[in-house]
Amino acid sequence: MTRRGAKTNIALLAFLCAAFLTGWLAFAFATSAARTSLLIHAVSGFAILLLLPWKSMVARRGLNRPRAARWLSIVFSVLVLASLAAGLAHSSGVLLAVGPITAMDVHVGAAIAAAPLAIWHIAARRIRLRTTDLSRRNFLRGGLVISGATATYAATELVVRATGLPGAARRFTGSYESGSFQPELMPVSSWILDPIPEIDAGMWRLSVDGREMTYQDLVAFDDQLTATLDCTGGFYSTQVWTGVRLDR
């Protein structure tokens with residue numbers, strides 16, 4: 001039973017790493033590559049969910065042992081579950097936000113908070129890999145988990161589309177449309193706690209190769225481009241952008 005628990009922990013670690021890494025990789029793309037990364041991200045998340053019944057048995061045994069730092073393991077578990085639940089809420093559109101806090105905020109924030117606890121958990125409860133862990137049987141078991149996770153993910157996507165949940169209208173990057181061609185409705189996006197910059201248009205200057213340009217000089221070019229801004233916060237917006245091309 002102990003070795004079975006170790007195998008479960010190894011599998012969970014692999015899927016947690018895959019989910020974390022592919023989640024961040026998806027932020028780096030606004031092209032079709034993001035879709036591939038998000039597919040692996042989603043399948044990894046569902047694989048974690050499928051392994052939870054086995055992990056719960058391992059966790060119960062651990063809770064029965066008197067360990068001073070077991071509360072950290074409990075916090076780690078809560079953060080992982082919160083990230084999974086928020087990810088499902090965002091992808092389906094069942095719950096996108098509560099006040100200023102979005103499901104994506106919780107999904108990403110809980111994952112970041114769980115990362116150092118995951119490192120501590122691995123260091124405190126080291127598992128020795130054995131040659132038997134790389135057996136054909138274990139690879140087949142892993143394949144079954146991945147197949148089951150893929151089928152579960154596909155089934156949830158079908159349910160989302162069949163029931164007309166908001167998640168059916170997501171872009172391939174997982175983002176929701178917001179305020180397209182209505183600039184006043186487009187969300188304001190800034191980094192954590194960053195204030196929105198304010199400038200005095202009359203005093204502002206841009207120096208390029210010894211040439212000084214005012215705000216009005218730039219606006220006078222009136223170059224236009226229709227393009228989509230896809231924010232890692234979970235929204236996208238297509239607008240007609242006006243300004244001056246950098247190649248000028």
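Me: The expected span of a helix is 1.5 Å times one less than its number of residues. How many residues does helix α3 (residues 70-92) have, and how far does α3 reach?

Reply: This is a predicted model, in which local features need pLDDT of at least 70 and side-chain atom pairs count only at pLDDT 80 or more, while totals for chains, interfaces and linings use all residues. Residues are numbered from 1 along each chain as its sequence is written, and side-chain values use heavy atoms, with hydrogens and water left out. Helices are DSSP runs of H or I with at least four residues, strands are runs of E with at least two, and both are numbered from the N terminus. In α3 there are 23 residues, and the helix reaches 33 Å from its first C-alpha to its last, close to the 33 Å expected. Gly-93 follows α3 and has a positive phi, near 85°.

Me: What span should α5 have?

Reply: The 27 residues of α5 should span 39 Å, and its end C-alpha atoms are 39 Å apart, which agrees. After α5 comes Gly-164, with a positive phi near 70°.

Me: How many aromatic pairs does the structure hold?

Reply: A pair of aromatic rings is described by the distance of the centres and the angle of the planes. Rings of Phe, Tyr and Trp (its six-membered ring) pair if their centres lie within 6.5 Å; planes under 30 degrees apart are stacked, over 60 edge-to-face, and the rest tilted. Three such pairs are present. Phe-20 and Trp-24 form an edge-to-face pair, with 6.1 Å between the centres and 65° between the planes.

Me: Where in the fold do Phe-20 and Trp-24 lie?

Reply: An α-helix has 3.6 residues a turn, so residues three or four places apart point the same way. Phe-20 and Trp-24 are both in helix α1 (residues 2-27), separated by four residues, or about one turn. Buried means under 20% relative accessible area, exposed over 50%, and partly exposed in between (1.4 Å probe, protein chains only). Phe-20 is partly exposed at 32%, and Trp-24 is partly exposed at 35%.

Me: Which class does the pair of Phe-46 and Tyr-153 belong to?

Reply: The pair is tilted, because the ring centres of Phe-46 and Tyr-153 are 6.0 Å apart and their planes meet at 45°. Phe-46 belongs to helix α2 (residues 32-63) and Tyr-153 to helix α5 (residues 136-162), so the pair ties together parts 107 residues apart in sequence. Phe-46 is buried at 11% relative accessible area, and Tyr-153 is buried at 10%. The other buried residues of α5 include Asn-138, Val-145 and Val-160.

Me: Which residues touch the most other members of the largest nonpolar core?

Reply: A nonpolar core is a set of buried Ala, Val, Leu, Ile, Met, Phe, Trp, Tyr and Cys residues joined through side-chain atoms within 4.5 Å. The largest one has 20 residues, and Phe-15 and Phe-76 touch the most other members. Two or more residues come from each of α1, α2, α3, α4 (103-124) and α5. The most come from α2, which gives six. Contact means heavy atoms within 4.5 Å. Beyond its neighbours within four places in sequence, Phe-15 contacts Ser-44, Ala-47, Ile-48, Leu-51, Val-145 and Ile-146.

Me: Is Ala-103 buried or exposed?

Reply: Ala-103 is buried, at 9% relative accessible area, and lies in helix α4. Leaving out residues up to four places away in sequence, Ala-103 touches Ala-86, Ala-89, His-90, Leu-95, Leu-96 and Ala-97.

Me: In which sense do strand β4 (residues 205-208) and strand β5 (residues 211-214) pair?

Reply: Two strands pair if DSSP finds at least two bridges between them. β4 and β5 are antiparallel, with four bridges. Ser-207 has Glu-212 of β5 as its bridge partner. Two residues separate the strands of this hairpin, where Asp-209 takes a positive phi near 50°.

Me: What is the strand order of the open sheet of three strands?

Reply: The order is β3-β7-β6, and the pairing is mixed. β3 and β6 (223-230) stand at the edges with a single partner strand each, so one side of each has no neighbour in the sheet. β3 pairs with strand β7 (residues 235-243) in the parallel sense over two bridges, and Tyr-176 has Phe-235 of β7 as its bridge partner.

Me: Which ring does the charged end of Arg-171 sit over?

Reply: A charge sits over a ring if NZ of Lys or CZ of Arg is within 6 Å of the ring centre and within 35 degrees of the ring normal. For Arg-171 the ring is that of Tyr-236, with the charged end 5.7 Å from the ring centre.
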